[in-house]
Amino acid sequence: MMASSYNAKEEDGHHSGASSGTGVSKNKKPDNTAFKQQRLPAWQPILTAGSVLPAFFVIGLIFIPIGIGLYVTSNNIKEFEIDYTGVSSDSPCYNCAKNFTWNTTEPCVCTVNFTLHQPFESNVFMYYGLSNFYQNHRRYVKSRDDRQLNGDLSALTDPSKECEPYRKSGDVSIAPCGAIANSLFNDTLVLYYVDSNNSISEIPLVKKGIAWWTDKHVKFRNPAGNGNLTLAFKDTAKPVNWAKPVYELDPLDPENNGFINEDFIVWMRTAALPTFRKLYRIIQKKSGATPTLPNGNYMLNITYNYPVLSFDGRKRLILSTISWMGGKNPFLGIAYITVGSICFCLGVVLLIIHHKYDNRNTSADIPS
Amino acid sequence: MLRRRLNRWFGGEDRRVDSRTIYVGHRPCPANEVFIPPKFCDNRIVSSKYTVWNFLPKNLFEQFRRIANFYFLIIFLVQVRASFVCMPTQTVISDIIFFKIRTSWLPLVFLTVLICSQGYEDWLRHKADNEVNKYRVTVLEDGRRIQKESEKIKVGDVLEVDEDETFPCDLILLQSSRDDGTCFVTTASLDGESNHKTHYTVPDTERDVESLNATIECEQPQPDLYKFVGRMHIYKNNEEPTLRSLGPENLLLKGATLKNTQSICGVAVYTGMETKMALNYQGKSQKRSVVEKSINAFLLVYLCILVSKALVCTTLKYVWQSKPGQDEPWYNEKTLKEKETNRYLNMFTDFLSFMVLFNFIIPVSMYVTVEMQKFLGSFFISWDKDFFDSEIEEGALVNTSDLNEELGQVEYVFTDKTGTLTQNNMEFIECCIDGHQYKYRDASSEVDGFCVTDGPMNTVQQKAGREREELFLRALCLCHTVQVKESTEGFIASSPDEIALVQGAMRYGFTFLGLESKTMKILNRTNDVEMYELLHVLNFDPVRRRMSVIVRSISGETLLFCKGADSSIFPRVKQEEVEKIRMHVERNATDGYRTLCVAYKHLTPEEYDQVDSGLREARLALQDREEKLMAVYNQVETGMNLIGATAVEDRLQEEAAETMEALQGAGIKVWVLTGDKMETAKSTCYACRLFKRNTELLELTVRTLEYPGKRREDRLHDLLLEYHKKTVQDAPPAKTRVARNWSSQDFGFIVDGATLSMVLNSSSENNLHDYKDLFLQICQNCTSVLCCRMAPLQKAQIVKMVKNSKGSPITLSVGDGANDVSMILEAHVGIGIKGKEGRQAVRNSDYAIPKLKHLKKLLLAHGHLYYVRIAHLVQYFFYKNLCFILPQFLYQFFCGCSQQPLYDAAYLTMYNICFTSMPILAYSLFEQHISIEMLLENATLYRQIGKNAMLRWGPFLYWTLLGVFHGLVFFFGVWFLFSNPALQDNGQAFGNWSYGTIVFTILVFTVTLKLALDTRHWTWINHFVIWGSLAFYVFFSFFWGGVIWPFLRQQRLYFVFANMLSSVSAWLVIIVLILLSLLPEILYVVLRKLFLFNFNQKSVKGIFCHFSGLSNVFASRWKSLVVFILFFGVFFIFFLFFYCV
């Protein structure tokens, strides 16, 4: 890649020991060491057209196939996306969206029908997507108390000031405190497959493994309370916008309840951009050759608890398969092809220039 | 204006009268009815800058003149105050958590250290002052000798000074222990002339100082060393007071040393800060380098960027918030306090918060790194063994490390002559008698001590006649004003070349034994003593440029011997003798020897009587004495016979000529500023090859101003215009001159002190032509300039004039004596030579080297490297902070302009401190883009970095654009990736901290690899530091994300880095973005090299010219922008193309 020359100045390296001995006797004479005389042996690489050219070609030749591979991989990922916000009046959730109030005991349920034209093989990942939702707003991002979420008892009853204004409800401190927890996404999505003979079967959704392992097992912990979550949270209030307290997030599974509820953990990982998706459920691949989600009609049952219209947001459901590079994203493939082709083109251009000038004087590249 | 007026009001009488009256020994005088003891300043010398009282305010003011320091203070105050005043700012700060406060403390701590060190330096100066001020001197008071401290001397005190003591203040010589009322002094520390000067007592005062009743009226103090006007009224018992005029020959200057005289008595006339020495001394001011000025300019640009970024964000924030539902959606409500605060106060605090968020764009750590680089880097100068001189057993000394890079920017070198260029050690080299060359080789080889080499003229006759030889040698022995030193067998003379001539004659067998009551004794070759009666000495003066003696031998013959410069002798001798000798003289002159011609003349008794009476009459004349004397001199010095010529070498310092040539090759203009005589200085210039054979000399001296029928002012005017026409107007324009560098006429310019002061003071009289400007233009168009007969302050004036001229070139002064101190202090860089005489120059210099020859390496190698290093350091720091903060700025558009930091606080803090600081520091200490040997061999390489080439707006723009490009690539590359945040193969998604971490990882790697690309000299330290800091980054990220930190409220980065690495996409995007960012740089380097080689290989073959200002396509960074933009364009076209597909 680089034309280089090792330019060790031997005489100094060798003599340094001997001459520094004499240097001591004349105490003011500077030591004749390679370091002090700025003569440390050094590698002096020189970027020349000759050395860079092959590198350009090699990069081009490696990057373009990778890019094509990435592009193809990304294209092979099946993704289905449906907006169920209910903005337009013909949308099934229009009424739920329009008539939303916080204090209802009766949740609004709406059903969206959709058709998959292609079967989804292997595991299918179910995401909910939100748009124009600023999870990365500074006031929002900082509004949490990780100490409380880690099961710290003192933080449980006295949460961090950062949680304001979601710190206390009256005199009782909120657990989990803060704006992020308060705005936990609480729509319930249930997916049904509609047979060709119109029989409806619920598709089993797995809620394990949607959060980072370390988050679930280390970062988030329930406060100690002898295994009784209700008792552990007894001095705390539920977040203002929650319908039920934290210890009832998943009453059936104690490993998924309280702070270590995976839906909660996923939500607590604030998104980078105002349009984002978060993993909701995983549809496990069935044994045998049948696709996980065969093509056909589906029914999405939504318990519509989460208002987004007030800030002009949107809610989506995304079904996607996953490759080794993650979800569908053509960007990487394009980037690799672009950079690879640029390198290749530059290589060609350089080769031409190099040849044109090099013919005049071939000795030019030899470093001194 | 106001100040002047105030001075006039409060200055009192002293200001209005142009003279002061001094009562010798404070004795009231009968003439004056009332004796008012006049008030003068005391004899205290103050060179320190501060007092205890004004130290803090004055020093702080100077510190905050640096914009950066002021900025740090403001930011610090904002951060500290903000936490009490306004919420939003505080929360941003707590976002950037505890580190941040500490980092903004850093510069303040740093400032404190700086102030302390300056305080210490000033304390040292106080100490040195005290040493001088507390020196014990002897004062005669009412007939008693009293020991006093030097600072207590008052004007009018009569002092006694012993041999080898320096005068504590300016004195009028009243009494000398020598019989003839003279004393000898050396003024080496004042004007650099190490010869002995004769000073005279005031006539009639000699007898008894104790009872002397006199007043002295003299002018107010002025800095010119060679001027003094005064008169003395001597009162004797009820007699009419006698009046004596006083001139510079009666004045002993503070700083001069008494020599060869046991003791003298004198009355103090100027004391303390009013002495001529103090008036010539200039206060040491803080020198600031060009680089620092560039940094300040860049800093202002970045401050503007910072403020505009903050403004844009604040505006956008409120625009965005004005949309319904965005300001306070249900999921993200404001706290009560925020709601209650005034809207405008909120805006203001938002603005401040953005300032704090983006303030990393101002590279605070750069200042620390620059200081460290300067401090550590300057060790390489003192460590350099090439600067070690075995004679004095010392190496180079670095007094200030602030100016290292300035050594690479020097455009003008002002050098002292005596002791700097020359060793001030005259040696007789050869002589020529009647056109025959006599070169002294080895006295033992021939019986008579002559060794004859082949002169071009002596083809037939090998030697001149013995008679002529002896006449010549007698002339050498007689025609001088040398005195024999009694104690040792040495000579004392007013000019060292006279000694050299006498010693030369001694080697040929004629020894001067001394002058005893007007009789000169010579020991001739046959060991007989010849006696000559000295009748008259016709003194040397610069206008006549010759001196003569009239002697009478025992046989009664009256002889006139004359020696002088060829141009003044040749017209006065018989023409047929001239041609034989002219050739020798010219050859010797171009060899750099001082040549003198020797002539003689027989005077008949009648002639002599006439001359004698003429001289006596002229000497007694009260008016126009000088002119009358001159007329007689000229009259007698005619029709002489030329005997021969001498060549005396003013021995140059080792490699002086080579050094000067290298400096000129480096495009540096060398000016010689000396207090010495023109002839001496000129021959030195020839010897140093500053003037060459084909150099046309333009002379503007007292001699050329003497023009019959014209006033000196008019003549000056004419000459200036003529020279200006020659050098400036007729000279080909600058561009073509580079091409025909060799063919064009070189000009050398000679000016002397008297003329210079005429030029400099002319502006008030003559408004039509600004002489100063003309003069400067002439000087700048000459390859070398010689200024002789300069007072120390005039040297400084010249330096100042050049320094403040158009384009403000960087000046360097080099000198060894106290007389050079003012110019050393005045110039941008002052170099002291560790000469034999005194250490004053060394103490006041910025760098001190043992020999002149070391200047070459100091400038060409060290200066060049330091400049390149620091320039790169500065640009790199601005660049790396720009591409650090730009993504953070861009992120604001995607987070509702809410001041959300993109990076974690630890990263924000550590970026400049740990992750990217060490490689650049190592680079700025060890980089050698061109090896030292190459730099020394090719002086022209120095030109490439001239005029601050790497820190001009062009390169700055290049680096800034590069930073912007990188910032854009980092941010938007990851932004595209995050259009689908599900980047892990288990379908899990990344959040905002992962986003920041990916950007930051790309950033750290790119910025470090960019530096690696720039590094041309990889020592193991570079390897260690570059790869080490990358490894440290990875290690730190794992570590920081691997632990739940109990002291942190938020575990933002918990396993973020590890998860990032588990994602293939993250790896792929990091690789491709790093490569993409580095591509333009690689391309640029390769292309420039490709083109440079083919254009440049003739001039600098085989060197990779990293920075070339030569005429080719890719040399200028401006042109490189084309490459840059092209690349940018191509990239986006490709990208759009593929994206559309």
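Good morning. Chain B, in this predicted model, has a secondary structure of 39 helices and 33 strands. Of its 1141 residues, 59% count as buried. The accessible surface of chain B amounts to about 46500 Å², and carbon and sulfur atoms contribute 58% of that. If we take the contacts in chain B between residues at least 6 apart in sequence, 73% of them join residues at least 24 apart.

I turn now to two helix pairs. Two packed helices are described by the angle between their axes and the distance between those axes.

On the H35(B) side, the contact includes Phe1000(B), Val1004(B), Phe1005(B) and Leu1009(B), while H36(B) contributes residues including Trp1027(B), Leu1030(B) and Tyr1033(B). By class, this contact of H35(B) with H36(B) holds 10 nonpolar residues, four polar and no charged.

The other pair is H25, residues 753-760 of chain B, with H27, residues 792-803 of chain B. Their axes come within 11 Å and cross at roughly 50 degrees; H25(B) and H27(B) are therefore oblique to each other. The crossing of these two helices is left-handed. From H25(B), Gly753(B), Leu756(B), Ser757(B) and Leu760(B) meet Gln794(B), Gln797(B), Ile798(B) and Met801(B) of H27(B). The residues of this contact divide into four nonpolar and four polar, with no charged residue.

Thank you for your attention.

Notes:
Residues numbered from 1 in each chain as written. Chains lettered and ligands numbered in written order. Predicted model: local features only at pLDDT ≥ 70, side-chain atom pairs only at ≥ 80, totals over all residues. Heavy atoms only, no water. Axes fitted to C-alpha atoms, helices over the stretch in contact; angles between N-to-C directions. Helix = DSSP H or I, 4+ residues; strand = E, 2+ residues; numbered from the N terminus. Parallel < 35°, antiparallel > 145°, perpendicular 65-115°, else oblique. Left-handed = near helix turned anticlockwise from the far one by under 90°. Contact = heavy atoms within 4.5 Å. Nonpolar A, V, L, I, M, F, W, Y, C, P; charged D, E, K, R; others polar. Buried < 20%, exposed > 50% of the residue type's maximum accessible area, 1.4 Å probe, protein only. Areas by Shrake-Rupley, 256 points an atom, 1.4 Å probe, with all protein chains shown as cover.
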